[in-house]
Amino acid sequence: MKRISRDYFRSFLEDEMGGEHVLRCIRCENTYENTHLISCTKCGEILTSTYNLDLAREILTPEVLKRAEIGMDRFEPVLPIRIGTVSQREGDTPLLKSMSIGDELGLKHLYFKNETVNPTGSFKDRSLAIMIAHAKGLGYKSILTASTGNAGLSAASYGCRCGMNTYILVSEKAPEEKWKLLPHLGARVV
């Protein structure tokens, strides 16, 4: 993937997106403003949000980050959508200082992010909260995703919270313990 200079990125965001974020194709780098699209109209690949990190640093000052909200709510000024009632307080996962690996690698300040304290125990909760909030905001009633574990559990949890029909495609080879909880969250396993 071609790297884009910071100056180009900043001018692109300021000129075309008012400085916040764009949706960018991960293959051909075609860009889109706020849209209902999830795939590129040029090559069909998925779109991903690209943020102006300098602007985020200006907006997310230490004072803003110390606000009382927990989870991703405090980051709402730079998120592409408002997650509101979809949120299950994902985020705020702790950093744990390395007790031995950092020393072995000569890294004095090595920390690990403990994502297991997210609602479904996975880092996927952040992205699924945003995706499902976006789908709900667009009026979608159903979610369909393929998963071998964490993404399906997260989609089922957020789909259940929103009252959306959730369908999870699971490979026949996937271990039962990876998908047996899905029906308890209202998801249909296919």
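**View 1. Glu 29, a buried loop residue.** Glu 29 is buried in this predicted model, with a relative accessible area of 14%. The cut-off for buried is under 20%. Glu 29 sits in a loop. Strand 1 (21-25) lies on one side of that loop and strand 2 (31-32) on the other. The backbone is worth a look here. Phi of Glu 29 is near 65°. That value is positive, and the residue is not glycine.

**View 2. Asp 92, a second residue with positive phi.** For Asp 92, phi is near 55°. Asp 92 belongs to the loop that links helix 3 (62-65) with strand 4 (95-97). Is Asp 92 buried or partly exposed? Asp 92 has 40% relative accessibility, so it counts as partly exposed. Glu 29, by contrast, is buried.

**View 3. A nonpolar patch on the surface.** Five residues make up this patch: Leu 96, Ile 101, Leu 105, Leu 107 and Phe 112. Together they present about 460 Å² of accessible area. Leu 96 is a member that lies in strand 4. The relative accessibility of Leu 96 is 43%, which makes this residue partly exposed.

View 4. Asn 118 is placed in the loop between strand 5 (111-113) and helix 5 (124-137). Its relative accessible area is 3%, so Asn 118 is buried.

View 5. The structure holds zero disulfides. The cut-off for a disulfide is within 2.5 Å. Cys 40 is also buried, with a relative accessible area of 4%.

View 6. A disulfide is a covalent bond between the sulfur atoms of two cysteines. Cys 160 has its closest cysteine sulfur in Cys 162. The two sulfurs are 9.2 Å apart, so they are too far for a bond. Cys 160 has a relative accessible area of 43% and is partly exposed. Cys 40, in contrast, is buried.

Methods: Residues are numbered from 1 along each chain as its sequence is written. This is a predicted model: local features need pLDDT of at least 70, side-chain atom pairs count only at pLDDT 80 or more; totals for chains, interfaces and linings use all residues. Side-chain values use heavy atoms; hydrogens and water are left out. Helices (H or I, at least four residues) and strands (E, at least two) are DSSP runs, numbered from the N terminus. Buried means under 20% relative accessible area, exposed over 50%, partly exposed in between (1.4 Å probe, protein chains only). Patches are made of residues with over 30% relative accessible area and no salt bridge: like charges are joined within 9 Å, nonpolar side chains (Val, Leu, Ile, Met, Phe, Trp, Tyr) within 5 Å. Accessible areas come from the Shrake-Rupley method with a 1.4 Å probe; for residues, only the protein chains shown count as cover. A salt bridge is a side-chain nitrogen of Lys or Arg within 4 Å of a carboxyl oxygen of Asp or Glu.
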